[in-house]
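Please look over the sequence and the structure shown below before reading on. The paragraphs that follow lead through selected features one after another.

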Amino acid sequence: MLRTRIRAGPLAGFVLSVLFAALFAVLCVGELLIPSLAPEMGEPAPLTLRVPYGPRIVRDRHDGSFTLSYEHARVIVPRGTVLSEHNEDHDAAMAYETVRRMRQPGLGARVASTYVIYLIVCLMLTVYLRRFGQNRVRLLRTQVGMFVLMTGSLIVAKLLLLFTALPEFWMPVAALPLWVAIAFDRRTAFLVEVGVAFIAASLLRFDVVLLSVLLVRGIAATMFFFKRKGSRQLLVAGSLAGLAGAIGFVALTVLFEGSFDLVADLKRGFGSNVLACIGGGLLVGVLGRGLREPAERAMGHVPRDKLLDLTDLEQPLLKKMAAEAPGSWEHARAMANLAEASAAAIGADALLTRVGAYYHDLGKTVQPKYFIENLAPGERSPHEDLDPEVSADAIMAHVVMGTKILREGNIPEPVVEFAYTHHGTQVVEYFWHKCVEQGNPKDLTQEHFRYPGMKPQTKETAILMLVDSIEAASRTIWPPEHKKFEEMIQRVMFSKLASGQLDQSGLTIEDLRIMTSRMASTLVNMYHGRIKYPWQRESDRAGHTPAPPTVTPRPATATPVPSSGAVGRDGSAAPPPASTARGAAAAAPAVRDDAGGAAKDESPAESVRTPKKTH
């Protein structure tokens, strides 16, 4: 079995939660544990002092008497300010800090309670990612990356609170859910936003207004981020999220206080809470765009720029494949077009799918002649002289060798995953049936003929598995009509479903339906007819060449079909498509891809070479 990416199990999730909850707790109360950072009256404040938003009783001295009034307020005493007993804000800040720093009787209990709350939040996040998230967020690397980025976001928020006098609404913690939405999906991004907003608000004693603004801004940023490809869209999403946060802040203030003076708030400049809500959103967009690539790398996702570099045909590994296994390379390029269109249709990562199609068969460069697409016309297949199990080993080796070559070439692991999942755990059925027909003299089982990879874990890798079969099977369809392509695609998909190869991919029935329609339309356009040039018609009339039909399907390779039925590219049996070219020609059992003898791409009954299409 090939080494694959590690998934986070229950134990790993618990350990992550324990460790990062402790880290968050230290971040929340760390300054309380340093005596030199305690403020004193008559001395400059060593850190910015903040009292969370809430109700308080204010004494107004008027005509020698005191009047008590009830109001909502937040207090910010900038770092370096000399604390005075005659300033009510200073009095409030000192009282708040004194209570926070009291070692007896409650500091230890408060620290422990804070840790428990963080542990619950982290456990909820890891359990969701492990049990309900898409397969890519179940990876240990991804979850560790998310927690590391969350820690970084909270450190930035804490530094803003301790060393600046800016309103707390400048916290740019919504950048994290934006990165998650780009790399994975919005549902996971929403959950991450709830977690990071809750912990960020706890840095200021769970300020309810701050928590509400952070939630509104983070969710709005994720909702307004429409296009993954455009980095500029991050700035737009951040701006709209900031506006949504400002509206939410004004509404909450009116709810608590009964009114809000917008003009007076704006006159405070950088101290304006409304401007802080909007500015925090803009900062989210800027950070989201500027740190997008390192953030994606931290979560194990391949940045778009890196994927574009991998599509360059001058890339050494692609040049190696084009030179050493040209037939397999042309097949991979044809697959890339079909797979990319299918991925785009269902909202999967189309560019990653294209790159995976380019690199998935690189292992065939080790022994290219074992695959029929790399044999010259009339060239003898090496499988004619091999035992079935030896041929199967040679075929299955391209999965292992491809994975090895890609990893040694420092290709990102999400791309390498296409190499060891594009045949899943299927059996090379052609050679298994050949072994059975020979009486199975060595008492072998199907496990000796089973691919050493794993089932597709993502929509993108599952799409490639399907396209690997469908692209080759499409060459047997004549005439190239939409309905006939649909029937063939549905049969291939059903064979994969029946064998359980798509169980862990995350593809839904709706996805399969959309993909069927898109692939059928793409294939119709790929195999459109052409009108002959005048010189071709004249040559036909002169009798120089036999007159072929005006439009013909793409050529397929003559290979025998085992008695058990059609054989796919992976050697698996599959029901024949609704319409295939008739009249199989007898030929040597060369292997098309790793099929062990029939169609190139796990496709049903690619068994006839048809006339070449005339242009």
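How many residues apart in helix α11 are Arg297 and Glu293? Because they are 4 residues apart in that helix (residues 292-298), about one helical turn separates Arg297 from Glu293. Helices here are DSSP runs of H or I with at least four residues, and strands are runs of E with at least two, numbered from the N terminus. The model is predicted, so local features need pLDDT of at least 70 and side-chain atom pairs count only at pLDDT 80 or more, whereas totals for chains, interfaces and linings use all residues. Residues are numbered from 1 along each chain as its sequence is written, and side-chain values use heavy atoms, with hydrogens and water left out.

The side chains of Arg297 and Glu293 meet in a salt bridge at 3.1 Å, N to O. A salt bridge is a side-chain nitrogen of Lys or Arg within 4 Å of a carboxyl oxygen of Asp or Glu. In general, side chains of opposite charge can pair when their charged atoms come close. Arg297 is partly exposed at 37% relative accessibility, and Glu293 is partly exposed at 31%. The cut-offs are under 20% relative accessible area for buried, over 50% for exposed and in between for partly exposed (1.4 Å probe, protein chains only).

The count of salt bridges comes to 25. Among them is the pair Arg450 and Glu447, at 3.2 Å, N to O; Arg450 is partly exposed at 25%, while Glu447 is exposed at 54%. Asp265 and Arg268 also form a salt bridge, at 3.6 Å, N to O, and Asp265 is buried, with a relative accessible area of 5%. Glu31, Glu97, Arg100 and Lys158 are linked in a network of salt bridges.

A search of the whole structure finds 2 cavities of 30 Å³ or more. A cavity is a set of points, on a 1 Å grid over the protein atoms alone, where a 1.4 Å probe fits but cannot get out; lining residues have an atom within 4 Å of a point. The largest cavity holds about 110 Å³ of space, a volume being the space filled by probe spheres set on the grid points, which are joined across faces, edges and corners. It is lined by 16 residues, of which Arg5, Arg136, His301, Leu352 and Pro414 lie nearest its centre. Two or more lining residues come from each of α17 (413-421) and α19 (459-473), and α17 gives the most, with 3 residues.

Several loops deserve attention for their backbone. In general, most residues other than glycine have a negative phi, and most peptide bonds are trans. Asn410, in the loop between α16 (388-408) and α17, has a positive phi of about 60° although it is not a glycine. Asn440, in the loop between α18 and α19, likewise has a positive phi, near 45°. Asn410 is exposed, with a relative accessible area of 64%, whereas Asn440 is buried at 15%. The loop between α18 (429-437) and α19 also holds Gly453, which is buried with a relative accessible area of 3%. Pro479 is found in the loop between α19 and α20 (482-498), and the peptide bond from Trp478 to Pro479 is cis, with omega near -5°.

Key
1 Å grid on protein atoms, 1.4 Å probe; cavity = no way out; pocket = protein on both sides within 12 Å on 5 of 7 lines; lining within 4 Å.
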